[in-house]
Amino acid sequence: MNPLVPDFILEQDAEGQYAGAVDAAVLHVSLPAVVELAEQMIARQAIDPDALRALFDPLFEAVHQSGGFVAAFSPGGGFTALFPDRPGRNVTRHARSAALAMRRSLLELAARRALGAGGAQMPFRIGLAWGSVHFTIVRIAQDRAYFLLYGPAVEACQATDRGVDDSELHLDRSFRERLPAASARESVAELDEADLLTAPPSLTVAAAPTDADAEAFLPPGAGDLALEGEIREVTTVSISLDRVASPTELIQQLHEIAAMYGATFAGMNVTERGFGALFYFGVPVAHESDHDRALDFALELKSNGLGVPRLAVGITRARCLVGFFGAGGRREFACLGRAVHLAAQIARKAAPSSIWADERAFLAGEASHQWSTENIFRFDGFDLPILVYSLERRRIAVQEEFYDLGPIGREAELDRLTRALEPVFAGRSAGVVYILGEAGIGKSYLVHSYRHQRAQLMDMRPLLWIEARCDQTLKTPLYAFEFALKEYLGISSEIGQRAKQAGLDLALELLLERLPEGWTEVRQGIDRSREALARLLRLRSEEPATPEAEAAGRDEALAALSALLVAESSLQPVVVHLDDAQWADPSSLEAVRAITAACRDLPLAVICSARPAGEGADVRIPLDAGTPSQVIELAPLSQERLLALAEPFFGGPIPTMLESLLGQTAGGNPFFAQEILAYWLEDGRYGSTHEAARSSRFMPPRTVNSLLVARLERLEPRTRQTVISAAVLGREFDTRVLARMIPDASVLVDHLRFGEAQRIWSRMGEHRFEFCTVLIRDAAYGMQPKAAAERQHRLAAEAIEAVYGDDLEDQRAALDSHRKLAAAGAALDSAG
């Protein structure tokens, strides 16, 4: 007997009989205890395979001794057994004998449990039916096959899964009519030991051939699982559909779609309403994007329709017990746990052509997909009602797509920037290149496009790129170059002072090793810069200095930065990008002058991207004589260019209403245009071209900031609060600090993933993120009332102190800023 696939199936497969029917008695036992045992193991993180075998062994033995075989397992914890009809044998009597033996075994086990701690119950339900059972074997390839046993008798027994658990035997009419008259009793109470068959059955199922290919019926990778099973995070996709005349084509379709998305197709099963199927994501083979794959797979099923009148999908996500479960005579690959059972129930309850999911599946997919709240329902095996969400479609990450389209509309400016920086690759200084334009016009995008273009060059020449970012709030002296130095050293504010000092020492030693011994003056400049660079990184605690001492310290810092960049640009071309330079503190602008003067004869360039003087400080820097400079101004894009950016998001022409909005409201600003487009797509009009009545109600806000606020308002309230709290921390934020500011830190991981997917922010390190644009950060910050902002700044200060403890020097400027803003809010409240 092959324990992994019924011998009956292997026999038909070996003979090339891929479809047929037999008359049989069918037995189904509903056994919630299986799921409960699995949940206990998951909770304890301790697998006990003997506990499941102790439950299944006597049940399977009863089936086999009565000439039957275990056909399939149920998501709810039970299983179905078949007793094929044979000449000279009344198999209904054999099936009933097996059922009685199983009932006795389960009652004895329940009694033993009740005597133990807590008086645990073990409900069960056994159903028996008679009728024609069809079999289908689908050979996808030499190494992959599926089988399905189905028919009215199987469906009649499966209905017991939804009944009230009790210890009665439930016999359908056809089954009862085939029993001998003397033993066709109405209830189990009338049955006695005489009804149990003590002699072995006179006819058993034929043994499978020795060359039977059982492994073909197992999912790929299942053989690599630990023998005792494993506990894995699994997304379960269950589908419920109507009966079909022949399931062969359906199984082939499901296999092909599952293979496209990396799903483990666990095979089809029978329900009282028709057919069901289970798909697992994350086991046996796991992928980093398993949950997103599962959601995309469900949407594909919905779109495909599979040619059935009714298709509904249920999705859950949870830790499950994974492995081959059963007993010695029969085992099957399965995922056990309440979530698998719940997925099947959700699919049965879901409306036709809908995809419903539990809260964990929703939270894990909120970042990548669009959802709506469905309703609260009760499900078998769950004490409390469960909130169900409806999956609508994949979110369109408009901002990411815009970046991937390339520099549409900025080809001329990109060419100018390329030519402006070309001198550094000829060993000469390119001086300062100003990139000026209003917020959202594409300054950062232009710089990104240049870096991407440079990285794609096949004849890539060495280039050191250093980001020096200015901050609207933290305008401490040389803040931009403090940021740049950390970028250069690859150190983060997350690490302690000793680690920062070690990083600085190591970087300078490696730099000295790269410098030729004959470059005495350059090497001496590096040695002299050590202390000043350490102070710039706030590695030295210092008392408040006199104005004269502060001026001297600033001069030392400028000299140290200049020495560092002289050394690096002597070895390779260097580009320093001063981003958001309209917020640069005077010392940072002075540093640009000092650096370009020191590197006048070396391959160094400084890009200053800034808003025009009317939107911030004038960033034109008084440079030393002979230092080159040029300006690239970004004008608004034409309507044709904006439409070219939008067209890839639609399968046909752009809706007329959207075309008008992009042309008139966006004002040629690509960031505004992409936000309008995102607002449109999130409103459910993706791909719509003929919805004039609906689109006439679509009127986005008229400014970039108000549009960003409107988009943020659409977020789930907890996610929105996380974004606002992060905005209080600034353009960059530490997730450990943020976790202490939000009401429920357990949801932070999901919210961070959502923000990344929607390009609200991007990851900088293990605990550090940054908003993708300062516009999003400013919009989120401005959404809160003054009193709420004051409370948030106070929380931020407290969180920074708690996270960084005694290592606060690096956070001093941020801490002082939060305290000041919190106090200002409190002072305003007192004055009011």
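Helices (H or I, at least four residues) and strands (E, at least two) are DSSP runs, numbered from the N terminus.

I also noted that this is a predicted model, where local features need pLDDT of at least 70, side-chain atom pairs count only at pLDDT 80 or more, and totals for chains, interfaces and linings use all residues. Residues are numbered from 1 along each chain as its sequence is written, and side-chain values use heavy atoms, with hydrogens and water left out.

**Entry: helix α3**

I started with α3, which covers residues 49-65. Its 17 residues reach 23 Å from first C-alpha to last, close to the 24 Å expected at 1.5 Å a residue; the expected span is 1.5 Å times one less than the number of residues. I found a bend of about 30° at phenylalanine 56, with proline 58 following within four residues. The bend is the angle between axes fitted to the seven residues ending at a position and the seven starting there. Phe56 is also buried, and I listed Leu52, Leu55, Leu59, Phe60, Ala62 and Val63 as buried in α3 too. Just after the helix, glycine 67 takes a positive phi of about 85°.

**Entry: strand β10**

Next I asked how many residues of β10 are buried. I got 16 of the 17 in residues 311-327, so the strand is largely enclosed by the rest of the structure.

Then I looked for its partners; two strands pair if DSSP finds at least two bridges between them.

- With β7 (residues 230-241), β10 pairs in the antiparallel sense over twelve bridges, and here threonine 235 stands opposite arginine 317.
- With β12 (residues 355-357), β10 pairs in the parallel sense over three bridges, and isoleucine 315 stands opposite alanine 357.
- With β11 (residues 330-336), β10 pairs in the antiparallel sense over seven bridges. A hairpin joins β10 to β11 through two residues, and alanine 327 has arginine 330 as its bridge partner.

**Entry: confidence**

Last, I checked pLDDT, the predictor's confidence in each residue, from 0 to 100. The chain's mean is 84, and 87% of its residues reach 70 or more. Among the elements, β12 has the highest mean (97) and helix α22 (residues 692-695) the lowest (39). Over residues 186-194 pLDDT stays under 50, and the model has 15 contacts for them beyond four places in sequence, a contact being heavy atoms within 4.5 Å.

Notes:
Buried means under 20% relative accessible area, exposed over 50%, partly exposed in between (1.4 Å probe, protein chains only).
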